[in-house]
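Please consider the predicted two-chain model shown below.

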Amino acid sequence: MKPLKLIGLALGATLALSTAAFADDITIAVAGPMTGSESAFGRQMQNGAEMAIADLNAAGGVLGKKLALQVGDDACDPKQARSVAEKLAGSGIPFVAGHFCSSSSIPASEAYADSNVLQITPASTNPLFTERKLWNVARVCGRDDQQGLVAANYIAKNFKGKNIAILNDKTTYGKGLADETKKALNKAGVTEKMFESYNKGDKDFNAIVSRLKRENIDLVYVGGYHQEAGLILRQMRDQGLKTILMAGDAMNDKEFASITGPAAEGTLFTFGPEPRNKPTAKAIVDKFKAKNIDPEGYTLYTYAAIQVWSQAVKKANTTDAKKVMDTIKAGEWDTVLGKLGFDAKGDIKQIDYVVYKWDAKGGYAELGGKGS
Amino acid sequence: MDYFAQQLINGLVLGSIYGLIAIGYTMVYGIVGMINFAHGDVFMIGGFIALISFLVLVSVGLTAVPVILLIVLLVSMAITALYGWTIERIAYRPLRHSFRLAPMLSAIGMSFVLTNFSQVSQGARVKPVPPIITGGYTLHEGDSGFVVQLSNVQIVVVITTIVLLGLFTWLVSRTRLGRDMRACEQDQTMAALLGVDVDRTISMTFVIGAALAAVAGMMYLLYYGLVDFFMGFVAGIKAFTAAVLGGIGSLPGAMLGGLAIGLIETFWSAYFSVEYKDVAAFSILIVVLIFMPTGLLGRPEVEKV
């Protein structure tokens with residue numbers, strides 16, 4: 001028994017040493033799907049966070065201290081998100097930029113609220129995230145009720161009298177977005193011909209594709225993530241369907257095109273106006289390009305989330321989450337995405353979604369805007 | 001009718017892939033009486049090896065699709081078979097005379113090892129490939145404009161499955177190795193007394209099962225165009241269900257079970273709701289097992305005295 005205790009002591013001592021080494025730093029975290037089918041987006045977030053921290057440290061850090069980054073992996077799994085959140089909260093960090101999937105951000109936010117951690121999500125668009133009256137949450141992206149409305153308006157305008165189908169993957173994000181789109185579509189006087197759900201993680205959508213074919217669907221709206229949407233598209237083309245696929249913001253990674261191949265051409269999705277083209281982002285985008293990283297999708301959103309937090313910390317002169325959150329909601333912040341202000345719930349005030357289109361070469365561009 | 005035909009094609013192709021994996025479960029169960037829970041992951045390894053060898057062949061400048069497919073098929077079968085052999089050698093053989101559950105637990109452990117091994121070595125991201133076999137045939141154009149489409153990939157998947165099934169049925173029923181396998185299935189001690197190398201026969205069973213899983217992995221890669229490190233789990237569960245439904249231990253049963261699961265899933269999605277397709281497949285499994293406890297083609301187990 002005695003040697004065992006000694007070993008335990010020794011282990012404890014080394015652990016204490018390793019954290020002591022960082023005692024002078026402020027550690028913040030980025031959390032998202034670093035593994036699993038959504039890992040493309042986890043990588044976007046990590047890239048954004050690493051660049052933000054490097055830039056802040058180069059400018060002298062915050063409150064005279066350097067920032068350090070901890071990475072949490074939730075694999076877009078609600079259970080894992082909750083346990084990662086508890087682990088991060090337990091290590092005493094003041095701020096998390098995360099998570100990606102709405103179904104992860106929502107359970108995680110409760111753990112953060114209990115432990116006095118501020119959470120800004122760069123990507124979770126489900127309205128529920130900020131609708132639960134939690135004091136510690138904010139987001140730098142839009143909401144699915146806004147996103148669904150933009151999608152619905154586009155469909156109602158360009159696919160008038162055509163056959164519309166709506167699919168969703170039963171996740172918080174996918175189902176939420178599909179419901180919002182359906183609601184807005186019905187309000188605009190368009191009734192969908194088919195409303196179905198599938199399982200996230202499925203690979204075989206041939207049965208559902210044949211159904212779309214039987215119903216002569218002209219446009220299928222998918223509330224879901226890029227992998228399943230890519231497979232649906234590929235299997236539609238294999239079965240000889242010309243149906244156009246439209247989806248939400250989870251389509252903005254080039255991985256989508258590597259799943260579909262040239263079939264991606266013509267696919268539509270909604271997302272905020274191209275952040276890479278904003279004048280406020282130019283210098284940062286060049287920095288990413290120099291490192292051979294394309295800051296697509298939510299990379300710059302993650303960067304902006306950390307910018308908002310760091311500026312509020314400087315202004316509040318503390319890292320205490322409650323005070324920082326009050327400061328964030330009271331002010332306006334200069335970020336790579338432009339000026340951002342927050343309402344009492346934690347949603348940003350300036351929101352606009354636009355429709356993007358994939359081209360045959362594996363890139364996408366705003367409709368009527370410049371390409372990437 | 002056209003719609004039915006299209007869904008039938010969808011179901012048969014899906015079922016073929018399930019069936020190919022299910023054969024590996026059923027062969028191992030027939031001979032050593034254990035469920036090889038790592039088999040789904042062997043299938044995943046097969047998919048990865050097919051992907052890697054495909055990328056290597058393309059990067060050395062090979063462009064003839066049939067040649068590429070043949071080489072990829074042989075390479076992935078060979079290397080995955082080596083995995084199968086190694087797994088049996090290090091994880092199952094030392095436990096063969098231990099208590100009954102030991103090899104099964106070891107199999108679950110092996111499944112974790114393989115999943116994490118490919119996650120660490122290949123990365124956690126989904127690995128897509130561009131469509132390799134493209135094109136297809138329009139079989140029939142209905143009055144309503146509904147087109148029954150059969151793609152070339154689907155033809156390749158089904159033909160490969162039929163050829164392999166024929167080949168392995170022949171192997172088990174007509175060759176020396178097949179005779180040894182059937183002997184071991186009946187009574188290992190007696191087979192050993194009569195000069196059958198039991199260890200070698202069991203090893204060969206794992207090798208063959210893994211080679212078939214590799215074919216399934218490659219077909220999966222061709223058909224769906226992507227592999228990832230956790231795809232073995234769901235596919236493994238489905239194939240295991242197929243093996244049980246068909247009657248575990250029976251080779252044609254596994255194929256039949258695979259086709260049945262594929263068709264049930266597809267037709268349920270086609271005529272009812274996509275949401276409940278797995279519920280439908282497993283409910284039918286339960287109903288079948290209530291009335292036919294040994295599965296569709298299984299033989300009742302005879303207690304050996």
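The following paragraphs describe the model chain by chain and then turn to the interface.

**Basis of the description**

This is a predicted model, in which local features need pLDDT of at least 70, side-chain atom pairs count only at pLDDT 80 or more, and totals for chains, interfaces and linings use all residues. Residues are numbered from 1 along each chain as its sequence is written, with chains lettered from A and ligands numbered from 1 in the order in which they are written.

**Overall dimensions**

Helices (H or I, at least four residues) and strands (E, at least two) are DSSP runs, numbered from the N terminus. On that basis chain A has 13 helices and 14 strands. Its radius of gyration is 22 Å, close to the 21 Å that the globule rule gives for 372 residues, so chain A is as compact as a globular protein of that length. The radius is taken over C-alpha atoms, and the globule rule is 2.2 Å times the number of residues to the power 0.38.

Chain B contains eleven helices and four strands. With a radius of gyration of 20 Å, close to the 19 Å of the globule rule for 305 residues, chain B is likewise as compact as a globular protein of that length.

| Chain | C-alpha box | Buried residues |
|---|---|---|
| Chain A | roughly 70 × 55 × 40 Å | 56% of 372 residues |
| Chain B | roughly 65 × 50 × 35 Å | 48% of 305 residues |

A residue is buried if 20 or more other C-beta atoms lie within 10 Å of its own, exposed if 12 or fewer, and partly exposed in between, with C-beta atoms placed from the backbone. Two residues are in contact if their C-beta atoms, placed from the backbone, lie within 7 Å. Among contacts in chain A between residues at least 6 apart in sequence, 69% join residues at least 24 apart. In chain B, residues 24 or more positions apart account for 75% of the contacts with a separation of 6 or more.

**Sheets of chain A**

Two strands pair if DSSP finds at least two bridges between them. Five strands of chain A form an open parallel sheet in the order 2-1-3-4-5. Strand 2 (67-73) and strand 5 (137-139) of chain A stand at the edges with a single partner strand each, so one side of each is left without a neighbour in the sheet. From one strand to the next, the twist averages 25°. Axes are lines fitted to C-alpha atoms, for helices over the stretch in contact, and angles run from 0 to 180 degrees between N-to-C directions.

Seven bridges join strand 1 (residues 26-32) of chain A to strand 2 of chain A in the parallel sense; A:A29 has A:Q70 as its bridge partner in strand 2. Helix 3 (residues 78-90) of chain A packs on this sheet, where it touches strand 1, strand 2 and strand 3 (95-98) of chain A, and its direction makes about 155° with that of strand 2.

Elsewhere in chain A, strand 8 (residues 219-223) and strand 9 run parallel and are joined by four bridges, with A:M246 as the bridge partner of A:Y221. Both faces of strand 9 (residues 244-247) are covered: A:I244 and A:M246 on one side, and A:L245 and A:A247 on the other, are all buried.

Antiparallel pairing is found between strand 10 (residues 268-271) and strand 13 (residues 354-358) of chain A, over four bridges. Strand 13 of chain A is also joined to strand 14 (residues 364-366) of chain A, again antiparallel, by three bridges. A:K357 takes part in both pairings, as the bridge partner of A:L268 and with A:A365 as its own partner in strand 14. The hairpin of strands 13 and 14 of chain A has five residues between the strands, and there A:G362 takes a positive phi near 85°.

**Helices of chain B**

Helix 8 (residues 198-224) of chain B has 27 residues and should span 39 Å at 1.5 Å a residue, which agrees with the 39 Å between its end C-alpha atoms; the expected span is 1.5 Å times one less than the number of residues.

B:F267 lies in helix 10 of chain B and counts as partly exposed, with 18 C-beta neighbours inside 10 Å. Its C-alpha atom is separated by 6.7 Å from that of B:Q7, 260 residues apart along the chain.

**Contact between the chains**

The contact takes 30 residues from chain B and 28 residues from chain A. Helix 1 (2-32), strand 2 (136-141), strand 3 (147-151) and helix 10 (251-271) of chain B each supply at least two residues of the side that touches chain A. The largest share, five residues, comes from helix 1 of chain B.
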